[in-house]
Amino acid sequence: MHLVAWLPPGISGQHAFEQAAAQGLNVQVVTQHNQHTQQRDGLVLGFATTTPQELQAGVKMLARALRG
């Protein structure tokens, strides 16, 4: 199971990916899965085997990564 976290205008999906990867998060950039140009970029987040506690910790890590 996956979901797309759309990024605010002006935030690069590649930059967000790099920041998330530096925190140990495994995310993908939306543009890797789309042949058409998007209005804005986003991250694909997988959560099929993740516990609620891991999800909560991951969201906090991602927020920290995007602020940094």
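Modeller: Helices (H or I, at least four residues) and strands (E, at least two) are DSSP runs, numbered from the N terminus. This is a predicted model, where local features need pLDDT of at least 70, side-chain atom pairs count only at pLDDT 80 or more, and totals for chains, interfaces and linings use all residues. Residues are numbered from 1 along each chain as its sequence is written, and side-chain values use heavy atoms, with hydrogens and water left out.

Biologist: Let's talk pockets. Which element supplies the largest share of the lining of the largest pocket?

Modeller: A pocket is an open set of points on a 1 Å grid over the protein atoms alone, where a 1.4 Å probe fits, with protein on both sides within 12 Å along at least five of seven lines; lining residues have an atom within 4 Å of a point. Strand S3 (42–46) and helix H2 (52–67) each bring at least two residues to this lining. The largest share, 5 residues, comes from H2.

Biologist: How many of the lining residues are nonpolar?

Modeller: The lining has 13 residues, and Leu-25, Leu-45, Gly-46, Leu-55 and Gly-58 lie nearest the pocket's centre. Ala, Val, Leu, Ile, Met, Phe, Trp, Tyr, Cys and Pro count as nonpolar, Asp, Glu, Lys and Arg as charged, and the others, Gly among them, as polar. That gives 4 polar, 1 charged and, for nonpolar, 8.

Biologist: Is Gly-58 buried or exposed?

Modeller: Gly-58 sits in helix H2, and its C-alpha is 9.4 Å from that of Gly-24, 34 residues away in sequence. Buried means under 20% relative accessible area, exposed over 50%, partly exposed in between (1.4 Å probe, protein chains only). With a value of 18%, Gly-58 is buried.

Biologist: What about Asn-26: buried or exposed?

Modeller: Asn-26 belongs to the loop between helix H1 (13–22) and strand S2 (28–29). Its C-alpha lies 9.3 Å from that of Val-44, 18 residues apart along the chain. Because its relative accessible area is 71%, Asn-26 is exposed.
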